[in-house]
Amino acid sequence: MRNIWLVFKHEYTRQVLRKRFIMVLISLPLIILLSGGVGVLAVLVMMNNDPIGYVDQSGLLSDPVNLPDSAGLSQAVGIISYPDDQSARQALEAGQIQGYYILDANYLTTGKVTQVAIDPIGENAQGDFTTFLRANLVKGMDPKVAERLIEGSSIEVRALEDVTRKAGENDWVNLVFPLVMGIFLMMAVNTSGGYLLQAVVEEKENRTMEIVITSISPDQLMTGKILGNLSVGLTQLVVWFAVPLGVFFGVRPFIPFLRDISLGGSYVWLSLAALPAAFVMVAALMAMVGATATETREAQQVAGLFTLPLFVPYWLITPLIESPNSPLAVGMSLFPMTAPVTLPARAAFTLVPAWQSALSLGLLYLAAFGSLWLAGRAFRLGMLQYGKRLKLAELFRRQEA
Amino acid sequence: MTSVVVDQITKSFGQQRAVDGVSFAVEPGEIFGLLGPNGAGKTTSIRIILDIFKPDSGKVSILGGAMDEAKKNRIGYLPEERGLYQEIPLERCLNYLVTLKGLSPAAAQERINPMMERFDLMDHRKKKVKELSKGMQQKAQLIVTLAHQPELIIIDEPFSALDPVNTQMVKDLLVEERNKGTCIVMCTHQMHQVEELCDRMVLINRGKSMLYGSVNEIRRQFSAQDLLVRALNEIPAVIPGVKETSAHNGLTRLILNEGVAPQQVLKAMVEMGVVLEHFEIATPTLDEIFIQVVKGEGARQ
């Protein structure tokens with residue numbers, strides 16, 4: 001155990017203290033923060049909470065219903081009535097309002113509204129005036145009907161053959177989240193697997209492995225290496241998720257549409273359950289490739305064959321979304337290489353039968369243990385075969401060295 | 001307790017027989033030379049001793065029995081091709097590799113520091129390994145081999161990449177270790193190092209053991225009835241009892257006829273008026289023995 005811990009610690013610190021790793025670790029959240037920041041900045045720049053005015057030539061707004069006050073960044077702007085264009089213009093020039101609207105005398109038939117402003121009116125103010133107009137158009141109606149007319153419908157998409165599917169349009173985050181989560185997961189798995197692959201091939205190439213295995217057993221070395229590099233990937237994953245989630249929960253109280261979003265669903269625990277097995281499986285396969293290859297470039301080419309299937313669900317995302325219980329979708333959620341992304345993605349679109357989830361996770365863990373076994377064998381057989389490639393068939397055939 | 005007993009080990013890779021019935025034993029407190037040309041099976045033999053490879057047949061006993069995980073901490077190994085982590089600072093690399101031998105990081109550092117001082121590496125301890133010269137890396141590798149004070153040291157070409165000063169330092173270190181009772185198995189091509197350092201040796205060629213015994217005994221076995229002489233005046237071209245004369249490193253080599261004793265030739269030379277300044281019985285160097293054995297084996301093949 002002590003030796004595994006020593007190798008684990010060495011592998012972990014060796015990777016996380018590398019400049020390249022720190023760059024990758026920081027750059028993704030930075031990009032997210034920057035793009036999010038630019039987006040928020042753009043919204044803030046386009047917002048203007050100064051009052052707006054209107055001149056009602058149609059008589060529609062003679063006894064207006066005002067918008068309720070709201071908290072946060074986008075509280076409703078004041079809407080002031082002016083008897084004529086002249087007085088509204090004076091208020092605009094005096095800086096009392098950011099702009100004003102003139103409702104045409106035939107507004108109800110033409111829908112014509114003229115906007116007058118020195119600088120563009122803030123997007124929030126434009127939205128508020130539109131809502132204000134709608135609220136007054138439906139004044140006097142049954143409040144429930146009026147609310148539906150203003151807020152529209154909540155459309156739930158359901159496939160013809162799948163009565164369990166319940167993807168409401170307000171749940172878009174819960175549909176997108178598992179896919180984004182899958183991308184992050186695959187990136188982290190590939191990164192840690194890549195580091196492991198590189199570490200194994202390098203140690204084999206520069207003969208460090210020969211020194212180490214005269215001190216500890218090959219199994220201890222392999223276990224420590226896999227755990228160390230898995231932790232590197234997990235560190236990456238935690239940082240990548242913590243920053244966007246921190247930003248999300250940080251700004252959520254201030255942005256109304258974010259307040260309506262709630263994260264959660266079976267995809268979360270399915271993702272969490274699949275995560276360790278996916279990590280171990282890919283890492284072990286990378287270790288196996290590293291131990292059997294003769295040089296880094298060759299190892300990376302072969303490793304590509306193992307990581308490619310992980311991204312297949314994204315190529316087939318349209319049929320997966322359209323028919324999440326189709327044989328293709330079920331098959332992909334059972335196949336260990338595609339299951340880590342397909343299973344949580346399906347769970348976001350449909351109610352995955354419990355037996356399928358259980359079987360999928362069972363197969364995934366079985367594949368992880370199988371990969372570990374293969375990696376162990378490859379490690380023992382291939383670690384000292386300098387300049388000579390270990391054939392896959394030999395992994396199953398040969399006696400231990 | 002004999003430190004290493006290798007008994008009739010064989011190992012093949014496919015059709016290629018790398019080691020073919022090699023046997024030898026090494027005692028504590030001796031430096032043992034494992035010699036042989038390239039591809040003779042030396043490294044494979046070492047890997048079998050270290051339990052990296054399992055032999056196809058034969059047995060190895062190490063420090064009193066079969067190899068196990070606990071014994072790994074009692075062995076120091078310096079492979080022919082050095083292996084250090086290139087991207088990390090020297091001090092961290094050494095500490096990690098020494099802690100794998102069962103020492104705590106603090107204890108490892110206590111052992112490493114004086115050795116870094118001795119090898120003039122202290123000022124370079126914060127540098128990445130890849131920034132060090134080959135010679136420095138070689139010395140660092142020796143620290144990894146010796147820092148945990150092993151009972152058995154197996155070293156493959158320990159003097160490669162070292163300058164004469166550092167070569168002498170390493171020789172002194174190996175002699176110190178031997179004097180402390182450590183068993184040292186040294187694999188090398190450099191015969192003069194074997195002559196200088198080794199007590200006993202085995203010569204392997206094409207996987208087979210060709211010579212085995214004490215270095216002096218082997219040299220005696222190969223010594224011919226030749227004389228090396230130097231005279232203050234000219235040495236006659238014809239000397240009774242001498243078959244052939246030739247120049248040899250500033251001396252004259254006299255190859256004697258069968259059954260002629262060196263004393264008879266020396267007496268004849270003195271009687272012929274030769275003023276001898278130096279004479280010795282020509283004992284072949286290990287280099288000569290090595291070439292003779294390897295070439296002879298090659299001719300037989």
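Modeller: Two residues are taken to be in contact if their C-beta atoms, placed from the backbone, lie within 7 Å. In this predicted model, the contact between the chains takes 22 residues from chain B and 19 residues from chain A. On the side of chain B that touches chain A, the elements that give two or more residues are β5 (75–78) and α2 (90–99) of chain B, and α2(B) provides the largest share, which is three residues. Sorted by class, the residues on this side of chain B comprise 13 nonpolar, three polar and six charged.

On the α2(B) side the contact is made by B:L94, B:N95, B:V98 and B:T99, while α3(B) brings B:P105, B:A108, B:Q109, B:R111 and B:I112. Taken by class, this contact of α2(B) with α3(B) holds five nonpolar, three polar and one charged residues.

Further along chain B there are two loop residues whose backbone deserves a careful look. For B:Q149, phi is near 50°, a positive value in a residue other than glycine, and its place is in the loop between α4 (134–146) and β6 (152–156) of chain B. B:E157 likewise has a positive phi of about 50° although it is not a glycine, and this residue is found in the loop between β6 and α5 (164–179) of chain B. Their surroundings can be set side by side: B:Q149 has 14 C-beta neighbours inside 10 Å and therefore counts as partly exposed, whereas B:E157 has 20 other C-beta atoms within 10 Å and is therefore buried. The reasoning rests on a cut-off, because a residue counts as buried if 20 or more other C-beta atoms lie within 10 Å of its own.

On the scale of the whole chain, chain B is divided into domain 1 (4–220) and domain 2 (224–282), and the C-alpha centres of domain 1 of chain B and domain 2 of chain B lie 43 Å apart. The sheet to follow next is an open one in chain B, in which four strands stand in the order β11-β12-β10-β13 with antiparallel pairing. At its edges are β11 (242–248) and β13 of chain B, each of which has a single partner strand, so one side of each is left without a neighbour in the sheet. From one strand to the next, the twist averages 25°.

The strands β11(B) and β12(B) pair in the antiparallel sense over six bridges, and the bridge partner of B:E244 in β12(B) is B:I255. Next, strand β12 (residues 251–256) of chain B is joined by four bridges to strand β10 (residues 226–231) of chain B, the two running antiparallel; here B:L227 has B:L254 in β12(B) as its bridge partner. Finally, β10(B) pairs with strand β13 (residues 276–281) of chain B in the antiparallel sense over five bridges, and B:L228 finds its bridge partner in β13(B) at B:E280.

For comparison, chain A also has an open sheet of four strands, in the order β2-β1-β3-β4, but with mixed pairing. Its edge strands are β2 (79–82) and β4 (113–116) of chain A, each pairing on one side only. Within that sheet, strand β1 (residues 52–56) of chain A is joined to β2(A) by four bridges, and the two run parallel; the bridge partner of A:G53 in β2(A) is A:I80. Helix α3 (residues 85–93) of chain A lies across β1, β2, β3 (100–103) and β4 of chain A and runs at about 170° to β1(A), whereas helix α5 (residues 123–137) of chain A lies across β1, β2 and β3 of chain A and runs at about 65° to β2(A).

Key:
Residues numbered from 1 in each chain as written. Chains lettered and ligands numbered in written order. Predicted model: local features only at pLDDT ≥ 70, side-chain atom pairs only at ≥ 80, totals over all residues. Nonpolar A, V, L, I, M, F, W, Y, C, P; charged D, E, K, R; others polar. Pairing = 2+ DSSP bridges. Axes fitted to C-alpha atoms, helices over the stretch in contact; angles between N-to-C directions. Domains from an automatic or database assignment. Buried ≥ 20, exposed ≤ 12 C-beta atoms within 10 Å, placed from the backbone.
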